[in-house]
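The paragraphs below move from a few local features to the chains as a whole.

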Amino acid sequence: NNDVNKGVILSTVLCTDELIIHLIWCLYSSWWGGVQMGPPDPILGVTEAFKRDTNPKKMNLGVGAYRDDQGKPFVLSCVRKAEAIITSKQLDKEYLPIGGLGEFSKACAELALGADSEVLKSGRNITVQTISGTGSLRIGANFLSRFHGGPLDVYLPKPSWGNHTPIFRDAGMQLKAYRYYDPSTCGFDFKGALDDISKIPEQSVIMLHACAHNPTGVDPRPEQWKEISDIVKKRNLLVFFDMAYQGFASGDIDRDAWAVRYFIEQGHNIVLSQSFAKNMGLYGERVGGFTVVCNDAEEAKRVESQLKILIRPIYSNPPMNGARIAATILNTPDLRSIWLGEVHGMANRIIKMREQLVAGLKKEGSSHNWQHVIDQIGMFCFTGLKPEQVERLTKEFSVYMTKDGRISMAGVTSGNVGYLAQGIHAVTK
Amino acid sequence: IVPLAVSVNRFEVPQAAPVAVFKLSQDFSNDQFPQKVNLGVGAYRTDEGQPWVLPVVKKVEKIIVHDDRLNHEYLPILGLPEFRSSASKIALGDDSPAIQEDRVGAVQCLGGTGALKMGAEFLRRFYNGNNNTKTPVYVSAPTWENHNAVFANAGFDDVRPYKYWDAENRGLDLAGFLGDLESCPEHSIFVLHACAHNPTGTDPTQEQWMQIADIMMRRKLFVFFDSAYQGFASGSLEKDAWAVRYFVSMGFEMFCAQSFSKNFGLYNERVGNLTIVAQDADNLKRILSQMEKIVRTTWSNPPSQGARIVAITLNSPELFSEWKDNVKTMADRVLLMRAQLKAKLQALGTPGTWDHITEQIGMFSFTGLNSKQVEYMVKEKHIYLMASGRINMCGLTTKNIDYVAESIHETVTMVQ
């Protein structure tokens with residue numbers, strides 16, 4: 001068989017018709033002849049290219065994974081403590097319910113909405129455990145695609161996380177955009193955003209990054225959020241919040257959830273995706289939540305039943321390990337305290353790196369205005385570098401980042417911030 | 001000012017029916033009857049009726065917790081490399097020529113369900129043309145209830161049954177099965193149970209598999225194996241993988257969705273693997289690159305804990321040996337319960353033949369009880385089983401087997 005597949009013709013052997021048909025079929029057809037090589041993932045592909053580079057000074061500023069000041073992955077001590085507690089309990093490994101670990105979902109919702117939220121008291125939210133932020137967005141997209149009564153158009157800020165577009169598209173929705181980032185200021189295009197949002201057809205879906213906008217790090221100020229809420233309400237839009245960095249932006253979990261809570265107070269029945277990849281360092285454990293804020297508990301029950309129908313044919317039920325860790329941390333007062341401290345610590349280190357990068361650029365003699373590096377918030381910085389400059393930075397300095405000029409500040413350390421300043425100055429002077 | 005709530009009727013969301021097997025467990029939980037028995041959901045139970053975390057799994061978890069080099073970073077999109085390759089070896093055999101020819105690849109997925117999902121999504125996009133949602137997907141009659149939904153949700157318009165279970169004779173309807181293979185549209189996709197068919201416990205013999213393979217090759221049908229019970233069925237990994245390996249040796253380009261939920265007892269860690277057998281390394285490369293795109297928009301990258309446990313176990317000769325023993329323990333207990341249930345029914349003189357209890361293999365048995373009889377079992381005897389008459393043999397213990405046998409006897413004699 002294999003010889004035939006490689007094209008060796010058995011010309012001198014007498015065969016039956018069936019055998020000939022079989023041989024010819026093997027010779028000429030693969031089901032997959034027409035499958036093209038897919039392009040490398042723009043974000044995760046950066047890490048793969050980084051790994052192949054042999055330059056000892058190389059820097060990976062691609063994927064948003066936190067690093068400590070030695071450039072090492074950081075396992076939070078509250079996570080280690082939670083793991084020890086869990087191990088000692090000798091739990092079984094029985095399937096979780098489709099909607100996930102109950103104690104996790106409850107704590108996840110409380111973290112986002114605030115323990116005193118009227119939504120939680122009235123039971124009018126449904127929160128399910130999901131496969132981190134991506135899984136949450138995907139379930140949300142599938143849910144909207146199936147049940148949303150309005151246009152299946154999702155308006156993303158321009159720019160947005162690269163994976164938003166294919167997720168919603170795969171789920172059968174159309175992608176549109178509203179102005180968000182102003183390249184001339186490296187800040188928020190507030191006027192442009194309001195202008196565009198005011199023209200969005202009613203009942204469309206609008207995606208808002210709750211805090212630490214990815215990729216720009218540019219967040220609206222509270223007064224700006226208020227105006228956005230008003231116009232969104234006027235246009236009767238369905239709000240989809242993506243909150244992947246709660247705690248990571250300002251260092252304070254309540255402050256980072258302010259926009260989400262404000263919108264709910266204002267009467268928006270939002271849908272919300274949460275991730276614990278960054279703020280608990282649980283990246284590979286895939287811990288997330290998806291919440292639908294409904295009119296009442298009865299609607300929440302109906303929505304829950306339909307979410308289960310969506311989840312079951314994708315992965316049946318979610319993985320336990322990460323959710324158990326997260327639930328243990330959130331529900332054990334000591335661990336929760338430690339966690340809040342560690343999140344604060346991570347956010348602070350990033351803020352410090354921002355300051356040091358700007359100081360470094362000044363020292364190099366850069367004449368550009370780098371204030372935006374300090375004004376932006378969260379893990380990412382939209383440097384303002386153009387694709388050609390990014391390419392030079394990668395080729396000449398082995399600094400790996402995404403083409404849009406985004407760098408993950410988490411990959412910057414006091415040890416390499418000087419080198420980074422050198423590189424950026426070299427390609428921008 | 002009263003905040004204006006956003007449009008009240010945004011969602012027309014009807015209440016969905018609960019998934020039957022979970023509702024059954026729920027009802028069982030709520031039942032106060034002291035002698036109640038749960039023969040519903042497919043999870044292994046010890047003779048004490050308890051879940052069983054495999055001793056080798058406990059050992060490996062300790063290793064992981066104490067290894068300071070490990071962290072919680074993202075896995076690659078396609079999963080943990082040492083998991084993927086060792087998992088595929090388990091299915092195809094260490095010395096598989098296809099593996100040696102570099103034409104076997106894998107995607108780590110969320111359980112067997114996730115592996116089926118990824119395979120289905122890929123097929124819908126790239127098989128039999130591009131986005132050919134009209135390609136028929138055949139699933140056995142009956143089959144695991146989620147098969148239909150997985151393929152339908154992946155976009156296939158036409159998910160149909162192929163004849164499989166002969167209710168009258170309580171065995172495989174081979175003629176019907178082969179007939180469907182002969183008459184189906186060319187290029188149809190067939191979901192085959194590698195062993196321990198769920199829910200009937202009835203597998204084709206080796207000769208029968210060879211007949212099936214012949215027709216599938218001749219009629220250019222796509223082979224998609226679902227392997228959720230390797231090792232669990234007969235107690236032997238090799239024996240349970242015979243069909244998959246035979247088809248590979250025939251030269252098929254095929255998929256095999258593997259689950260490690262049952263044979264590793266890792267149900268809630270969601271450990272699965274989609275093994276891809278391609279014609280050559282170049283095809284494989286392109287397939288995997290497209291799989292990455294599908295994974296990225298579904299879950300980005302898979303969970304690490306369960307895959308680590310399996311990889312460490314499979315890649316260590318001692319742990320691997322210990323695992324095989326653990327698997328055999330589970331398989332042997334099931335075989336014992338089968339033998340005892342049949343013996344007791346025969347001793348009671350229960351009407352009907354009960355050979356199928358020991359002829360069937362794996363976790364499940366299709367008892368042959370009809371829906372009225374099932375209802376009686378549940379309501380009157382507090383013995384919970386699926387409406388199809390499917391029982392989970394693992395729910396039987398030396399303590400409850402008499403009660404179950406007597407109840408079946410009573411049901412069959414009282415209810416027709």
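A residue is called buried when its relative accessible area is under 20%, exposed when that area is over 50%, and partly exposed in between, as judged with a 1.4 Å probe and the protein chains only. Helices (H or I, at least four residues) and strands (E, at least two) are DSSP runs, numbered from the N terminus. This is a predicted model, in which local features need pLDDT of at least 70 and side-chain atom pairs count only at pLDDT 80 or more, while totals for chains, interfaces and linings use all residues. Residues are numbered from 1 along each chain as its sequence is written, chains are lettered from A and ligands numbered from 1 in the order in which they are written, and side-chain values use heavy atoms, with hydrogens and water left out.

Helix α10 of chain B covers residues 242-249, and its buried residues include Ala243(B), Val244(B), Tyr246(B), Phe247(B) and Val248(B). After α10(B) comes Gly251(B), which has a positive phi, near 95 degrees.

Another helix of chain B, α14, is formed by residues 355-359, and Asp355(B) has its place there. Is Asp355(B) buried or partly exposed? With a relative accessible area of 34%, Asp355(B) counts as partly exposed. If contact is taken to mean heavy atoms within 4.5 Å, then Asp355(B) touches Lys342(B) and Gln346(B), leaving aside residues up to four places away in sequence.

We now turn to chain A. Strand β3 of chain A runs over residues 153-158, and because 5 of its 6 residues are buried, β3(A) is largely enclosed by the rest of the structure. Two strands are said to pair if DSSP finds at least two bridges between them, and β3(A) pairs in the parallel sense with strand β4 of chain A (residues 174-179) over 6 bridges. One residue of this pairing can be picked out by name: Pro157(A) has Tyr178(A) as its bridge partner in β4(A).

Lys158(A) and Pro159(A) are joined by a cis peptide bond, with omega at about 0 degrees, and Pro159(A) sits in the loop between β3 and α8 (164-170) of chain A. A cis peptide bond also joins Asn214(A) to Pro215(A), where omega is about 20 degrees; Pro215(A) belongs to the loop between β7 (205-209) and α10 (222-234) of chain A.

That loop between β7 and α10 of chain A is also the place of Ala212(A). Although Ala212(A) is not a glycine, its phi is positive, at about 50 degrees, and its relative accessibility of 2% makes it buried. Arg286(A) likewise is not a glycine and has a positive phi, of about 65 degrees. The loop between β9 (271-275) and β10 (287-293) of chain A contains Arg286(A), which is buried, with a relative accessible area of 2%.

Finally, consider each chain as a whole. Chain A contains 18 helices and 13 strands. The radius of gyration, which is taken over C-alpha atoms, is compared with a globule rule of 2.2 Å times the number of residues to the power 0.38. For chain A it is 25 Å, close to the 22 Å that the rule gives for 429 residues, so chain A is as compact as a globular protein of that length. Of those 429 residues, 62% count as buried. Among contacts in chain A with a separation of 6 or more, 74% are between residues 24 or more positions apart.

Chain B contains 16 helices and 13 strands. Its radius of gyration is 22 Å, which agrees with the value near 22 Å that a compact globule of 416 residues would have. Along the principal axes, the C-alpha trace of chain B spans about 70 × 60 × 60 Å. Of its 416 residues, 62% count as buried, and 76% of the contacts between residues at least 6 apart in sequence join residues at least 24 apart.
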